[in-house]
Amino acid sequence: MEPHSQSSTDLPRFNLNMFEKPFTFLNLPFVCFLGYRVLAIELFSKNINPVVEEFRQAELSCIIAATKTANPRIEWKKIGSQGTTYVYYDGKVQGEWVNRVQLISRTSLTIYNVTRADKGIYRCEVVAPDDAILGAEINVNLTVHVKPVAPKCRVPPSVPVGKSATLYCQEKEGFPEPTYSWYRNDETLPLDSKASTKFQNSSFTVNPKTGMLAFEEVHKGDSGRYSCRATNVVGEAWCEGIEMEVYAQLENLLYETLKREAGGNRVTEDVNYIGPSWLHPGQCQYVASNKSFEVF
């Protein structure tokens, strides 16, 4: 008797009727359907990366696309490096948010009078007991743009001719970080003096990211009133103008003055200097060969 050969019709078959409820396979949830659809909670957001200016209002969008549950539970949390805090829980706005937050359109959130401290990740969580999958969540990353405040500027009041000089302009409140522009006597300075015929006798560069204005060697034409502007996508702010005077170095000016007074004769080192360590016209007095005179 020949062995019985099993036909394909004798092989066991899976019947979808066997799975009228969700089951798990390899610890993963599966939902099978038999002539009808079992709804699972689904969420989406119109904007998961909203950007808003400080002191305006922000909408954190969280929308239920599908659910079988008539009254799902809604929760909003702020996820921070120091921990998670509830914004909306148990049907109510929580804690510090009470006077600034409102739940709208069933699940979305509006924050009024947004501050820079409000930036961060917010999580919308929805629990739907009647759905095949009980819960869903979505993260919304809020960015707050902040207008710059008046930058702090450092300008040397006086620099001798031929020496280097660095001017600083810094602002730490604005977001995104501002870029910087420098002005002399209300006239915009180029990023590189050599790139402009008007400033080609100067030797300076401007770093728009750090706010630094650096002179390799100053000359008399670099004297003036310097001011700086910090700018970002929200606005701008200025520091007040500060005077910088470029003067001739003391030893050169003294030599030339004494030489002129000596009628072009050689000037020796037998010269006594009376006055401060740097020179302004009319403020320093020199004595040479028992003759005193002032520099004007």
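Predicted model: local features only at pLDDT ≥ 70, side-chain atom pairs only at ≥ 80, totals over all residues.
Let's start with the overall picture. The chain has 296 residues, and 34% of them count as buried. DSSP runs give 1 helix and 26 strands. Take the contacts between residues at least 6 apart in sequence: 57% of them join residues at least 24 apart. The accessible surface of the chain comes to about 18,900 Å², with 51% of that belonging to carbon and sulfur atoms.

β10 is joined to β11 (residues 108-111) by 4 bridges, and the two run antiparallel. Across from S108 in β11 you'll find I104.

On to the aromatics, where the structure holds 6 pairs. In one of them, the ring centres of Y86 and Y89 are 4.5 Å apart and the planes meet at 45°, so this pair counts as tilted. Y86 is partly exposed at 35% relative accessibility, and Y89 is also partly exposed, at 34%. Elsewhere, ring pairs tie F199, F204, F215 and Y226 into a cluster.

Finally, a couple of charged side chains lie over rings:

| Charged residue | Ring | Distance to ring centre |
|---|---|---|
| K119 | F175 | 5.2 Å |
| R154 | Y168 | 4.3 Å |

How values were computed:
Residues numbered from 1 in each chain as written. Heavy atoms only, no water. Pairing = 2+ DSSP bridges. Buried < 20%, exposed > 50% of the residue type's maximum accessible area, 1.4 Å probe, protein only. Contact = heavy atoms within 4.5 Å. Areas by Shrake-Rupley, 256 points an atom, 1.4 Å probe, with all protein chains shown as cover. Phe/Tyr/Trp six-rings, centres within 6.5 Å; stacked < 30°, edge-to-face > 60°. Lys NZ or Arg CZ within 6 Å of the ring centre and 35° of its normal.
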